[in-house]
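Have a look at the structure first.

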Amino acid sequence: MKKFYYTCEVGTEHRGGDRKTAKFADQKRSIHNYISTLQCIESHYCRKSKSAEGKYLPSELSLSKLFKMYKVSEHVDPLVKLSYFRHVFNTSYNIGFGTPKTDVCSTCLELKEKNKIERDLIKKKILMVKKRVHSLRAKAFFEKVGSVPEHVKVI
């Protein structure tokens with residue numbers, strides 16, 4: 001009111017606001033840096049949309065084991081609790097443990113992972129062609145299995 005009395009302007013409000021984002025920014029950044037170093041396997045054979053596609057870590061890992069690995073890594077600047085690590089992991093990433101729940105073609109997975117690590121462009125193109133041929137053959141097979149001749153009754 002004092003400022004309004006002298007200047008006829010209403011003062012800015014200083015109550016409320018977000019105080020936690022800036023306070024925990026370093027901790028969150030260190031967790032993101034650590035999680036980005038993890039080697040995940042992508043789910044590639046799901047019937048869901050591509051945007052909802054998840055990534056998977058080996059089944060012998062768990063969130064508590066991941067947190068223990070995080071504590072001894074070089075990415076830990078300010079130490080955080082397991083609950084905060086779990087919160088960032090669950091809200092920012094779509095990463096699961098174990099294998100995808102839907103069918104996974106081992107040939108597709110093998111060719112995709114080999115293509116990721118291959119540096120030679122010629123070998124990379126050969127792997128891409130092999131994967132494309134394999135997926136076209138699989139698509140043709142499933143179309144043939146899904147089609148029913150007119151004279152056949154399915155119960």
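## α3 against α5

The axes of helix α3 (residues 25-36) and α5 come within 10 Å and cross at roughly 60 degrees (axes are lines fitted to C-alpha atoms, for helices over the stretch in contact, with angles from 0 to 180 degrees between N-to-C directions). So α3 and α5 are oblique to each other (under 35 degrees is roughly parallel, over 145 roughly antiparallel, 65 to 115 roughly perpendicular, and the rest oblique).

On the α3 side, Q27, K28, I31, H32, Y34 and I35 touch Y84, F85, V88, F89 and S92 of α5 (contact means heavy atoms within 4.5 Å).

## About the model

This is a predicted model, where local features need pLDDT of at least 70, side-chain atom pairs count only at pLDDT 80 or more, and totals for chains, interfaces and linings use all residues. Residues are numbered from 1 along each chain as its sequence is written, and side-chain values use heavy atoms, leaving out hydrogens and water.

## α4 against α5

Helix α4 (residues 63-72) packs on helix α5 (residues 82-92) at about 110 degrees, with the axes 10 Å apart. That makes α4 roughly perpendicular to α5.

Here L63, S64, L66, F67 and Y70 of α4 meet L82, F85, R86 and F89 of α5.

## How confident is it?

The chain's mean pLDDT is 81, with 88% of residues at 70 or more (pLDDT is the predictor's confidence in each residue, from 0 to 100). Over residues 46-51 the pLDDT is below 50. Where pLDDT is low, the predicted coordinates should not be read in detail.

Definitions and conventions:
Helices (H or I, at least four residues) and strands (E, at least two) are DSSP runs, numbered from the N terminus.
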